[in-house]
Amino acid sequence: MRAYLASSVAVTCAAALSLPLSLATPAVPLPPGTPAVPAAPPSGGSTQSLRLGPLAGGERATGGARPEQGLSPRDVRPFSLVGVVWDDPTARLHGTVQVRTRAAGSDTWSGWQDVDTHNDEHGADPETAEGGSGALRGATAPLWVGASDGVEIRVRPDDDGGEPLPAGLRLELVDPGPEPPPDAADEDPTTPVERASMAPPALTAARPAAAAGKPYIGPRPKIITRKGWGADEKMREKGFVYTKAVKAAFVHHSATGNNYTCKQAPSVLRGIYRYHVKSSGWRDFGYNFAVDKCGNIYEGRAGGVAKPVLGAHTLGFNTNSMGVAVLGSYSSVNPPAAAVTAVARLTAWKLGLHGVNPKGKATLVSGGGNRYKKGKKVSFNAIAGHRDGFATECPGGRLYSQLGTARTASAKYQGRR
């Protein structure tokens with residue numbers, strides 16, 4: 001979809017980490033004329049979208065040719081997740097994005113935190129209804145910053161005299177909304193009407209492909225449903241889109257940093273969900289499943305956890321696959337053993353429904369991307385990393401190195417030797 005330069009800075013899908021609180025700095029007085037805090041929206045989560053503009057002195061910082069953009073420090077409504085979007089979904093942001101935030105109800109500001117600008121490797125496949133939607137925007141990865149009510153941002157173009165910053169840059173400040181009532185049910189959340197409306201191939205594919213022989217299907221793990229983590233079902237598009245089968249699982253790390261607690265994971269998911277739909281223009285949450293650092297498994301894109309729901313996670317290879325995002329960034333941090341185990345348990349069950357050996361291979365046809373041209377048949381490990389299908393650093397070197405362990409464990413959960 002977009003050219004990839006091997007000599008460029010490595011593409012990552014979630015390399016940005018929130019800085020530790022020990023790096024927080026004292027409050028900086030807001031400059032005269034700073035806009036007042038907008039009126040509070042109705043409860044239930046919200047997104048503040050603030051247009052960026054040239055920063056004073058930005059011309060000097062970038063050599064005068066292409067001015068830096070951003071926003072000066074300001075009070076805003078409470079938010080917990082940030083990202084930057086722009087008008088053209090095919091344009092890339094050649095530069096750096098940094099934000100600093102003020103902890104809600106305090107005078108303490110964080111240090112500058114990097115926001116990962118490489119997010120185009122996620123999303124719906126080209127030439128699908130979702131991929132061709134006029135609602136799509138270019139976007140950075142989202143970054144979880146925790147409860148905040150002040151923000152400052154700067155976006156600097158590369159100093160190599162290349163591409164200018166994309167048009168229509170906007171800062172998205174996401175409030176994930178309140179926690180839902182306690183609910184960890186793992187039943188299929190689709191209604192009878194929705195199940196009846198599913199295409200026959202999807203129903204057929206959801207049945208164990210190995211029914212004629214020994215059904216190597218791992219035990220279904222506990223899955224916290226969308227209701228359990230508080231997804232607003234009115235936000236996504238109605239109806240579901242299915243693929244024929246699930247032949248492979250692509251593992252990702254999310255892009256939201258590691259400074260969250262497992263108790264906060266549902267809020268992180270609601271923030272990503274709102275950012276995917278309201279800010280990026282996707283039809284729903286991109287990943288089919290998510291896993292937090294404690295090993296809890298969450299339903300992602302709606303349509304039924306046992307069904308082959310078409311996601312928007314691995315550009316070019318969403319068809320006949322599933323996407324699993326481990327919340328956090330694992331380029332330089334080891335993934336918790338509980339998270340790797342959860343990936344193994346989830347794939348043992350879900351791949352088993354389709355007769356797939358987690359230690360085997362799967363052939364998928366590229367829908368188009370920066371590594372494989374459209375129509376090319378590619379062989380993957382049944383449990384693959386995002387980088388296997390797209391020129392990206394995702395899911396981070398530390399998590400990627402654990403996929404062999406996940407394959408072996410997943411096969412054992414299926415009862416294979």
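Let's start at Cys294, which counts as partly exposed at 47% relative accessibility. Keep in mind as you look around that this is a predicted model. The partner of Cys294 is Cys262, and the two form a disulfide with their sulfur atoms 2.1 Å apart. The link of Cys262 and Cys294 is right-handed, with 95° about the S-S bond.

Now for the rings. Across the whole structure, a search finds nine aromatic pairs. One of them joins Trp229 and Tyr273 edge-to-face, at 5.7 Å centre to centre and with 90° between the planes. This pair links distant parts of the chain: Trp229 belongs to helix α4 (residues 226-229) and Tyr273 to helix α5 (residues 265-279), 44 residues apart. Both Trp229 and Tyr273 are buried. Elsewhere, the ring centres of Tyr372 and Phe380 are 6.5 Å apart and their planes are at 85°, so this pair is edge-to-face. Phe380 is buried, with a relative accessible area of 3%. Coming back to Trp229 and Tyr273, ring pairs link them with Phe285 and Tyr287 into a cluster.

Finally, have a look at two charged side chains. The charged end of Lys293 sits over the ring of Tyr260, 4.3 Å from its centre. Arg387 has its charged end over the ring of Tyr400, 4.4 Å from the ring's centre.

Note on methods:
Residues are numbered from 1 along each chain as its sequence is written. This is a predicted model: local features need pLDDT of at least 70, side-chain atom pairs count only at pLDDT 80 or more; totals for chains, interfaces and linings use all residues. Side-chain values use heavy atoms; hydrogens and water are left out. Rings of Phe, Tyr and Trp (its six-membered ring) pair if their centres lie within 6.5 Å; planes under 30 degrees apart count as stacked, over 60 as edge-to-face and the rest as tilted. Helices (H or I, at least four residues) and strands (E, at least two) are DSSP runs, numbered from the N terminus. Buried means under 20% relative accessible area, exposed over 50%, partly exposed in between (1.4 Å probe, protein chains only). A charge sits over a ring if NZ of Lys or CZ of Arg is within 6 Å of the ring centre and within 35 degrees of the ring normal. A disulfide is a pair of cysteine sulfur atoms within 2.5 Å.
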